[in-house]
Amino acid sequence: MTGQTDRYRDPDPEVDRELQAHGQDAAQLQADVQRYRDDLHRGPARPEDADRLAALAERLSRQAHRITGLRDGARRAHRP
């Protein structure tokens with residue numbers, strides 16, 4: 001996916017909203033991991049930074065499970 005116009009759009013609006021939020025949170029986690037890594041090179045790690053990474057990772061996991069459930073439910077609803 002190279003740009004906003006090329007991004008995947010799920011046919012189910014609820015799933016699509018969850019996927020977009022998931023992508024934003026994943027980008028935030030990536031940025032926070034980079035910042036955390038840079039901070040570790042400069043000195044000792046702060047526990048609250050590690051906690052933030054863990055919380056974001058947990059949120060991504062919950063989103064992934066919710067998206068899977070929504071997608072499965074949408075598939076079942078469209079089956080004859």
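Arg 46 and Asp 49 form a salt bridge, and their closest N and O atoms are 2.9 Å apart. By salt bridge I mean a side-chain nitrogen of Lys or Arg within 4 Å of a carboxyl oxygen of Asp or Glu. Please note that this is a predicted model, in which local features need pLDDT of at least 70 and side-chain atom pairs count only at pLDDT 80 or more, while totals for chains, interfaces and linings use all residues. Residues are numbered from 1 along each chain as its sequence is written, and side-chain values use heavy atoms, with hydrogens and water left out.

Let us stay with this pair.

Asp 49 belongs to helix 2, which spans residues 47-78. Helices here are DSSP runs of H or I with at least four residues, strands are runs of E with at least two, and both are numbered from the N terminus. Beyond its neighbours within four places in sequence, Asp 49 is in contact with Tyr 36 and Asp 39; contact means heavy atoms within 4.5 Å.

I turn now to the other salt bridges. How many does the structure hold? There are nine.

One of them joins Arg 35 to Asp 32, with the closest N and O atoms 2.3 Å apart. Both residues lie in helix 1, three residues apart, which is about one turn of the helix. Arg 35 is partly exposed, because its relative accessible area is 44%, while Asp 32 is buried, because its relative accessible area is 6%. Together with Arg 52, these two residues are linked in a network of salt bridges.

Another salt bridge connects Arg 71 with Asp 10, the closest N and O atoms being 2.8 Å apart. This pair links distant parts of the chain, since Arg 71 is in helix 2 and Asp 10 is in the segment before helix 1, 61 residues away. Both Arg 71 and Asp 10 are buried.

Finally, I come to His 22, a residue of helix 1, which covers residues 13-42. What does His 22 touch, not counting residues up to four places away in sequence? Its partners are Leu 60, Gln 63, Ala 64 and Ile 67. The C-alpha atoms of His 22 and Arg 62 are separated by 9.7 Å, and these two residues are 40 apart along the chain.

Technical notes:
Buried means under 20% relative accessible area, exposed over 50%, partly exposed in between (1.4 Å probe, protein chains only).
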